Amino acid sequence: MKPKPNTSEEKPSLVPPFVALILSLILPGLGHILARKYRKGLTLLLAFLSAAGLWIWRVTVVARREVGFAAMFTKAIRLEPILILIFVLLVLMYILIALDAYKSAHISKPNSLLLWVTVLVAFFVLGWQIGEIQPAVLIRNGKNSLPLLMRVLWPWEKAVYYPEELLIGSADVVIPCAGVELETPKLEADAPYLTVDPTCGDLSEIGGKEGTRLKVTGGNFSPNTETEIWWVDQVRNEFRYRYGGDYVKVTTDDNGSFQLDVVIPYRVIPTQGEKGYVVWQLEARQVASIGKPVISEELKLSVEKMVETIFLGMMSTFFGVILSIPISFLASRNLMSANWFTKTIYMIIRTILNIVRSIESLVWAVIAIIAVGLGPFAGILALTIHSIAALGKLYSEAIESIDHGPVEAIQATGANWLQTVWYAVIPQIIPPFVSFTIYRWDINVRMSTVIGMVGGGGIGYLLIQWIRLLDYQSAGIAIWFIAITVAILDYVSSEIRERFI
Amino acid sequence: MLEIRNLTKIYDDGTVALRDVSFDIPDGEFLVIIGLSGSGKSTLLRCINRLIDPTEGQIIWNGIDIAKLEGQDLRNVRRKIGMVFQQFNLVKRSSVLMNVMAGRLGYAPTWRSITGRFDEADKQRAINAMKRMGITDQANKRADELSGGQQQRVGIARALMQEPEIILADEPVASLDPVLAHSILQHLESLNKDDGMTILCSLHYLDLVQRYSTSVIGLREGRVVYQGNKQQIMRMTDAEFKTIYGEEAERMGGITGEIAEQDITAAGEEIEL
Ligand SMILES: Nc1ncnc2c1ncn2[C@@H]1O[C@H](COP(=O)(O)OP(=O)(O)OP(=O)(O)O)[C@@H](O)[C@H]1O
Ligand SMILES: [Mg+2]
């Protein structure tokens, strides 16, 4: 082999190519390492081991119930054929690594494109399997979930409803006519009523003579409403009146009255009791909406929680700003480089800010809930803490990027630290501070809509609750409110920004 | 009398900006400091009011060593030394009036100055200072709305508020055109002649140096390489100028163009340290 003088890897391989190949077959990557391609060897070793490990893990996950790896393997590839593909890729990777080891021990810079592509493809196919990505499911189930989705997208039927009432007017009918006089019940003046004429008659006979035809008059019902006619027999058996096989419906006129002929139907149950007659009731029933539309409990709750959410975002921004301003001064290098003491403070504060900022607001919410219990206060605490860290950094960077000239000029007049900050630093940082504050307010209101999902108050709490109860319409109301609020917020914050800067 | 004794400044990165600089400035002098870019002019001026801490040496003024002062003592000295900058260093988003008032901060109690309540005497001083510099009409404008010449006059008005005994001017006219440069330097000259203030000013143009200075210091690589009084300055030749500015330096400033044609063999009063 010819060493190439002007490449960085001039040193010859420790082993001949063939040995590198064999070693690589024993442990992928080992051949490269002994060919002095340390980094490449380690990378390939790690890549192969982790890909193989992941594959084994997925096989055992898919075929959990089988005993023994062979059984698991057959079961797993039957359930998830994609696992075969990964297996093939692993084998290909294994072979390519070995071949590459051979080449690497032979020439200093072999073309390993195919190898790296194989490694990448293997990991992406693994990712596809681990992520349980199934586009077919999206298409198949997507169609079925459309009605549910519609309820989320258009939930307003649940927001406002009209209270309904069942109006019933009834009249007694004596069967057959036995000359009995029934008392007419006393009704309130405007209660729905029903009268029949005559008040007695005979049943229809099956396949024979039609029963008595009654002239029925109803009044005091709600106007222009569909009304059903029902019979209630002597044993309180209810059945809806049909004529010629169809249910009979009648619609009230503008005054809430109607007129209708009703033929007494047939019945199998003998009508003769001890008295020789029975009393049936003829009823007219209608479902009528009464009164004004009523705002649903869900809508009220959503509004309440939305207000809570907006204020949650506002309060946490407020506290965040108030507390982060002094902190940001202590966290800016240019103001804190006077001596080792201030430099230490600067370092400590910077470190704390970075740590706090790297923890998500939702995690802070969980911590705050442990400290102060469920509710908006926990949410405010969480968002405040995160705001302080985030704003503290942004503000201090704004302070660090100010023009130092005016600061020197003010110092040169004999001003002290506070005066210098007040006259030379503050005027320069107002525009960036305003814009960062609006930006944070925006984030906080957005965050406060979801912080409720872990129990930190606000509308997120309702949303997650309703989703768990599969009450998609109510969830839809909450989502609408969130969307509307965020849209308004977007508009308002961009307006303010434009005005100020 | 301001006495600079063995002043040395070595920056944190090891750059030696001043090497053992010593000279005296009698009261009422208009001292101009010349020297190539990077020769240490700014460093020297900033050491005097301690915007930069010198590494070694003394700056003795009225019997006290400014180089050793800390805290309130330092601020009390600073307020007697005004400073004017090349980039004006105004607070751009503040009004002209606020920029001028800021010159009084060294005298005002902290709390009162932060709440913006300056006393009547201070307000009168501001009015006078602005009137003297001809910027009264601009009092309520934002500083960044002013032209360069106007901004520099605000800078001088700010220094005037300190009722200083010394004014340090670090290339006060380098960002201005020649006409404005003369106007600004005339203001400084008036402060020097009429009010008896000592002026320490760094300049680049020989014609301006000859026109305004009463004595000159030349710096090169942190060393004093030239010292001259008014007569010597008026006789200063290109050769001397080049000793200070280096062989490759071109003389700037059209007014003294005829001097540039002169022979460069004549040697002046230069001193080599
Ligand atoms: N903060 C600093 N840290 C390190 N080196 C510095 C610093 N300030 C200036 N210097 C160096 O000190 C030397 C003198 O700089 P100084 O600014 O005093 O020169 P100057 O004569 O004012 O130049 P100019 O005419 O360009 O303003 C230069 O070499 C410069 O690079
Ligand atoms: Mg300079």
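A salt bridge here is a side-chain nitrogen of Lys or Arg within 4 Å of a carboxyl oxygen of Asp or Glu. The model is predicted: local features need pLDDT of at least 70, side-chain atom pairs count only at pLDDT 80 or more, and totals for chains, interfaces and linings use all residues. Residues are numbered from 1 along each chain as its sequence is written, chains are lettered from A and ligands numbered from 1 in the order in which they are written, and side-chain values use heavy atoms, with hydrogens and water left out.

**View 1. Salt bridge between Arg213(A) and Asp261(A).** The closest N and O atoms of this pair are 3.9 Å apart. The bridge links distant parts of the chain, with Arg213(A) in strand β4 (residues 213-219) of chain A and Asp261(A) in strand β10 (residues 258-263) of chain A, 48 residues apart. Helices (H or I, at least four residues) and strands (E, at least two) are DSSP runs, numbered from the N terminus. Arg213(A) is partly exposed, at 42% relative accessible area, and Asp261(A) is partly exposed at 37%. Buried means under 20% relative accessible area, exposed over 50%, and partly exposed in between (1.4 Å probe, protein chains only).

**View 2. Salt bridge between Glu297(A) and Lys300(A) within helix α9 of chain A.** The closest N and O atoms are 3.9 Å apart. Both residues lie in helix α9 (residues 297-330), 3 residues apart, about one turn of the helix. Glu297(A) is exposed, with a relative accessible area of 51%, whereas Lys300(A) is partly exposed at 41%.

**View 3. Salt bridge between Arg125(B) and Glu163(B).** The N to O distance is 2.8 Å. This pair links distant parts of the chain: Arg125(B) is in helix α5 (residues 120-133) of chain B, and Glu163(B) is in the loop between α6 (148-161) and β7 (166-170) of chain B, 38 residues apart. Arg125(B) is partly exposed at 26% relative accessibility, and Glu163(B) is partly exposed at 37%. Through salt bridges that share partners, Arg125(B) and Glu163(B) belong to one network with Arg104(B) and Asp122(B).

View 4. Asp100(A) sits in helix α5 (residues 82-104) of chain A. Apart from neighbours within four places in sequence, Asp100(A) is in contact (heavy atoms within 4.5 Å) with His32(A), Lys40(A), Pro110(A), Asn111(A), Ser112(A) and Leu115(A).
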